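Keep the structure open beside you and try each task before reading on.

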Amino acid sequence: MAYNSPALNVMTAAARKAGRPLVRDFNELENLQISMKGPADFVTHADKRTEHILIEELSKARPGYGFLGEEGGVVEGKDATHRFIIDPIDGTTNFMHGVPHFAISIGLEREGKLIAGVVYNPVTDDLYTAEKGHGAYLNNRRLRVAGRKDLPQSLIATGLPWLGREDGMNRAMVETAAVLGATSGIRRFGSASLDMAFVAAGRFDGFWERGLYPWDVAAGIVLVREAGGVVSDMDGGADMLTGGSLLTSNEHLHPQLLKLLKEAGA
Ligand code: IPD
C-alpha cells in the first residue's frame with residue numbers, strides 16, 4: 001500500500017477531479033467533426049479548464065501555496081516555501097489526435113526542493129504517485145526502475161522537436177541516431193511525464209529530451225528518484241527542472257547514456 005501523506009492525498013484528489021471532465025472532452029473530441037482551427041481551440045479550452053480545476057482544488061486544501069502552471073504561469077502564494085508545479089495536459093498533441101496517452105502532472109516543491117509528484121492518465125486511470133523518502137507507486141503498487149546494465153538490451157524513450165521547434169532538430173537527429181545504434185530501440189510516446197513514469201515503472205530503461213519545461217518534468221523527477229533512478233540535466237548536472245534538458249535512467253545506464261549523448265552532440 002502506498003504511503004500517502006495529506007499533501008499527496010490533496011494532489012491525487014485534485015488530479016482525479018480534473019481528470020473526469022477531461023475524459024469527457026477526450027471522448028467528445030473523437031466524435032467532433034472539427035475544422036483545423038476547431039480542435040486547437042477545443043483543446044486550449046480543455047487545457048485551461050483543467051488547470052483551473054487543479055488550482056481551485058489545490059488552493060482550497062492548501063491556501064497560500066504558490067503555483068507554476070503551463071497555462072497560468074507563476075502565481076505567487078502567501079506561503080513562499082511551497083509551490084505546486086502543474087501541467088494540465090502533458091501530451092497535448094496526443095490528446096488532440098485522440099491518442100489516449102496524456103497525463104495531468106502535479107509536482108510539489110518545499111523550499112525549492114521537489115518533495116512529491118502525481119502523474120495521472122485519466123483515460124487508463126493509471127495513477128503514479130511518489131513522495132520524497134516514501135517510494136513511488138502505480139495504483140498503490142510499489143515501483144522500481146529496471147535493473148538492466150547494458151545499453152544493447154535497453155529500451156530508451158525520448159521527445160523530439162516538431163514544426164515550430166526546429167532549432168533543436170539537427171542535434172536531436174544526431175543524438176537519436178547514436179542511441180538507435182547502441183540500444184534495443186527508441187520510443188517517442190509524446191508525454192514527458194508519462195515517459196518518466198514509465199522509467200520509474202521499469203518499462204523504459206531511460207529517457208532524455210531537450211526543450212522541456214518545469215511542468216513537464218517536476219512530478220516525474222520525484223517518481224524516478226523514488227523508484228531508485230538517477231535524474232540529471234544533459235551535462236550531468238542538477239539543473240533539470242529549469243535548465244530545459246533532462247536525462248534519466250538507472251545508476252548503471254545513466255553514465256553510459258550521458259557519455260553516448262555527449263559524444264554524439266559534441
Ligand atoms: C509536451 C510533451 C511532449 C514533449 C514536449 C512537451 P505538452 O508537453 O511532454 O512529449 O516532447 O517537450 O512540451 O506541451 O503536451 O504539455
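**Exercise 1.** How many bridges join β12 to strand β13, and do the two run parallel or antiparallel?

*Solution.* A note before we start: this is a predicted model, in which local features need pLDDT of at least 70 and side-chain atom pairs count only at pLDDT 80 or more, while totals for chains, interfaces and linings use all residues. Residues are numbered from 1 along each chain as its sequence is written, and side-chain values use heavy atoms, with hydrogens and water left out.

Step 1: find β13 at residues 245–249; strands are DSSP runs of E with at least two residues, and helices are runs of H or I with at least four, numbered from the N terminus.
Step 2: count three bridges between β12 and β13, which run antiparallel.
Step 3: look at S232, which stands opposite L247 in β13.

**Exercise 2.** Work out the strand order of the open sheet.

*Solution.* Step 1: two strands pair if DSSP finds at least two bridges between them.
Step 1: the five strands follow the order β10-β9-β11-β13-β12, with mixed pairing.
Step 2: β10 (185–187) and β12 (230–232) are the edge strands, each pairing on one side only.

**Exercise 3.** Which side chains place a polar atom by an oxygen atom of the ligand?

*Solution.* Step 1: for D87, an N or O atom of the side chain is 2.9 Å from a ligand oxygen.
Step 1: R188 has a polar side-chain atom 2.9 Å from a ligand oxygen.
Step 2: for E209, the distance is 2.5 Å.

Note on methods
A polar contact is a pair of N or O atoms within 3.5 Å; within protein, one must be able to donate a hydrogen and the other to accept it, and residues adjacent in sequence count only if both atoms are side-chain atoms.
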